[in-house]
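I am opening the notebook on this structure. My entries cover strands, a helix, backbone angles and salt bridges.

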Amino acid sequence: MKFSKITSLAKRNKTAILMRDDDGQQWLSIGSAVYRLENMPVLDEDTVLTVMGVSDDKREKWLTRCEEESSRILKNDLPDEVEVTADDAGITIIYGGSLLTPIYTFYGVIWIDTELMAPTVKKETGYTRYFIRKSGGARAIAVKDGMVLSAVMMEYRQGGTDLYEALDTLADRCRAEARRDTAEK
């Protein structure tokens with residue numbers, strides 16, 4: 001996993017929360033996602049910002065801390081975890097300033113901020129699996145590279161039904177346009 005991609009996401013949120021799982025593995029939370037830190041020295045609140053290249057005068061705007069992982073979301077296997085077949089819907093949309101990808105699962109559609117997936121993408125194709133994981137009342141997508149958990153991303157949650165209504169309107173207009181094209185032929 002590329003630390004530079006995690007860094008760019010952390011800078012977007014100005015959040016760097018260091019965590020350790022039960023096995024002592026170090027993780028970095030950016031608020032909406034948690035990433036496994038590989039081949040990194042042991043970091044603390046100051047050194048993580050130094051490694052990310054955050055200048056001293058900008059550090060006061062950041063949320064940084066070290067904490068124990070209490071929700072158990074970083075556990076490699078959970079008893080209630082469900083392996084799902086996830087199909088990318090083949091489209092992305094920009095909504096609320098975020099590039100979103102809908103993922104179809106047996107349990108419905110899960111919207112993911114597409115940029116959160118960037119640190120998990122590798123050039124060489126491996127066996128990547130996706131799981132639905134619950135964190136409190138929200139759903140998350142756990143990404144495993146082979147048998148090893150590499151990231152956990154929270155589902156994009158938007159308030160209200162504005163997104164769905166906009167998508168319904170778009171679909172209706174596209175169908176109307178297709179009918180008009182058919183009628184003109």
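Is strand β11 (residues 138-145) largely enclosed by the rest of the structure or exposed, and how many of its eight residues are buried? I found six of the eight buried, so β11 is largely enclosed by the rest of the structure. Buried means under 20% relative accessible area, exposed over 50%, and partly exposed in between, with a 1.4 Å probe and protein chains only. Strands (E, at least two residues) and helices (H or I, at least four) are DSSP runs, numbered from the N terminus.

Note on sources. This is a predicted model, in which local features need pLDDT of at least 70, side-chain atom pairs count only at pLDDT 80 or more, and totals for chains, interfaces and linings use all residues. Residues are numbered from 1 along each chain as its sequence is written, and side-chain values use heavy atoms, leaving out hydrogens and water.

I looked up the partner of β11. Strand β12 (residues 148-154) runs antiparallel to β11, joined by six bridges; pairing requires that DSSP finds at least two bridges between the strands. Asp145 stands opposite Val148 in β12. Two residues lie between the strands of this hairpin, and Gly146 takes a positive phi near 70°.

**Helix α1.** I listed buried residues in α1: Phe3, Ile6, Thr7, Leu9 and Ala10. They cover an arc of only 165° around the axis, which puts them on the same side of α1. The arc is that of the directions from the helix axis to the C-beta atoms. These buried residues pack against β1, β2 (26-29), β3, α2 and α3 (114-117), where contact means heavy atoms within 4.5 Å.

**Positive phi.** Most residues other than glycine have a negative phi. I noted Lys14 with a positive phi of about 50°. Lys14 sits in the loop between α1 (3-13) and β1 (15-20) and is partly exposed at 36%. Asn39 has a positive phi of about 55°. Asn39 lies in the loop between β3 (33-36) and α2 (45-52) and is exposed at 81%.

**Salt bridges.** I required a side-chain nitrogen of Lys or Arg within 4 Å of a carboxyl oxygen of Asp or Glu. The count comes to nine. In one of them, Arg12 meets Asp113 with the closest N and O atoms 3.1 Å apart. Arg12 is in α1 and Asp113 in strand β9 (residues 108-113), so the pair ties together parts 101 residues apart in sequence. Arg12 is partly exposed at 37%, whereas Asp113 is buried at 7%. Arg59 bridges to Asp56 at 3.3 Å. Glu177, Arg180, Asp181 and Glu184 are linked in a network.
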